[in-house]
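Q: Could you pick a single part of this model and give me a close look at it? I'd like one connected walk-through, with the surroundings included.

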Amino acid sequence: MLTRLVPHPLLTLLIAVVWVLLNNDVSIAQAVIGLVLGLLIPKATSAYWPGRPRMRAPLVVIEYLLIVLWDIVVSNVQVAYLILFRRGDRLRTRYISVPLVLTTPEAITVLAGTITMTPGTVTADVSADGCALLVHCLETDDPEATIARIKTRYEQRLKRIFE
Amino acid sequence: MPFLSEVLIASLILIGAFFLFVGSLGLAKLPDLMRRLHGPTKATTLGIGSMLVASMLYFLLVGGHFSVHELLITIFLFLTAPVSAHMIAKAHILRSRRERSALPVTGGKVGWATLDENGS
């Protein structure tokens with residue numbers, strides 16, 4: 001009953017929050033309109049959204065967001081330093097292949113996005129069976145340490161959140 | 001406007017401008033496409049973020065009301081920057097033979113999704 005009324009609880013919440021933010025007006029009236037939209041839109045489009053990603057540990061999400069925000073600031077300073085004070089052709093850039101233990105598409109997508117936003121790495125591709133990510137490093141001496149960092153810092157938390 | 005908030009907002013805008021400049025400089029200066037991608041995906045994120053925080057503070061301290069549009073801009077920016085970088089990298093791998101020969105192996109049975117003909 002509840003799942004038929006609210007097929008995507010997270011999507012409902014997201015639409016309501018985005019509606020309030022779009023109106024730039026945090027008030028009860030806007031929140032009610034947002035909630036009504038959040039109930040109607042997922043119901044009308046639920047046929048196109050067969051998958052239902054589940055969040056298992058909401059508190060870990062907050063921890064994860066804080067860590068990623070902090071890493072974005074650190075990575076910006078690092079990349080700015082590399083751009084300003086190093087010659088581009090002397091940077092030790094290379095591709096690395098990061099094996100994945102995550103299996104759900106949502107978790108892999110979030111991990112790929114996180115890798116792009118954080119220190120010196122850009123996600124370039126995923127393997128055809130979804131078992132590894134191709135990551136480009138701007139400057140690395142130790143690819144193993146970079147892989148280990150990605151796995152312990154981001155992947156383990158995402159595993160707790162999504163799987 | 002009180003002096004302190006003026007200093008705070010001005011310095012945030014300057015930090016933002018600095019990082020936006022460095023990001024664009026990286027785009028122009030670095031030698032190849034994959035290295036160039038690092039500039040706009042990272043340095044500009046903090047640049048824009050800093051400007052947006054400055055904008056929120058300005059409306060809060062000077063306008064006297066809370067502006068939340070900036071949060072939405074941040075969310076959309078964080079969603080779109082990795083996706084566009086990812087698409088540019090994929091197109092580059094597909095086009096450049098030299099880039100393809102430099103790729104590491106996946107470690108699994110199949111190749112990278114861009115190049116694997118049987119892949120999903």
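A: Let's start with what counts as pairing: two strands are taken as paired if DSSP finds at least two bridges between them. Keep in mind that this is a predicted model.

The part to look at is the sheet in chain A. It is an open sheet of three strands in the order β1-β3-β2, with antiparallel pairing. The edges belong to β1 (94-99) and β2 (121-126) of chain A, and each has a single partner strand, so one side of each has no neighbour in the sheet. On average, neighbouring strands are turned by 30° against each other, if you ignore direction.

Now the two pairings. β1(A) and β3 (residues 132-137) of chain A run antiparallel and are joined by six bridges. One pair to find on screen is A:Y95, whose bridge partner in β3(A) is A:H136. Next comes β2(A), which also runs antiparallel to β3(A), with five bridges joining the two. Here A:H136 turns up again, this time as the bridge partner of A:V122. As for burial, β2(A) is mostly covered, with six of its six residues buried.

β2(A) and β3(A) form a hairpin with five residues between them. A:G130 sits in the loop between these strands, and this turn residue has a positive phi of about 70°. If you want a distance to check, the C-alpha atoms of A:G130 and A:L100 are separated by 7.8 Å, although the two residues are 30 apart along the chain.

So much for the strands; what packs on them? From chain A there's helix α5 (residues 105-117), which packs on the sheet and touches β2 and β3 of chain A, its direction making about 145° with that of β2(A). From chain B, helix α3 (residues 69-95) packs on the sheet as well; this helix also touches β2 and β3 of chain A, but its direction makes about 60° with that of β2(A).

α5(A) is worth a moment of its own. Its 13 residues should span 18 Å at 1.5 Å a residue, and the end C-alpha atoms are 19 Å apart, which agrees. Buried residues in α5(A) include A:I108, A:L111, A:I115 and A:M117. What do the buried residues of α5(A) pack against? From chain A the list is α4 (58-85), β2, β3 and α6 (143-162), and from chain B it is α2 and α3.

Zooming out to the contact between the chains, 46 residues of chain B are in contact with 39 residues of chain A. On the chain B side, α1 (3-29), α2 (33-63) and α3 each supply at least two of the residues that touch chain A.

Key:
Residues numbered from 1 in each chain as written. Chains lettered and ligands numbered in written order. Predicted model: local features only at pLDDT ≥ 70, side-chain atom pairs only at ≥ 80, totals over all residues. Helix = DSSP H or I, 4+ residues; strand = E, 2+ residues; numbered from the N terminus. Axes fitted to C-alpha atoms, helices over the stretch in contact; angles between N-to-C directions. Contact = placed C-beta atoms within 7 Å. Expected span 1.5 Å × (residues − 1). Buried ≥ 20, exposed ≤ 12 C-beta atoms within 10 Å, placed from the backbone.
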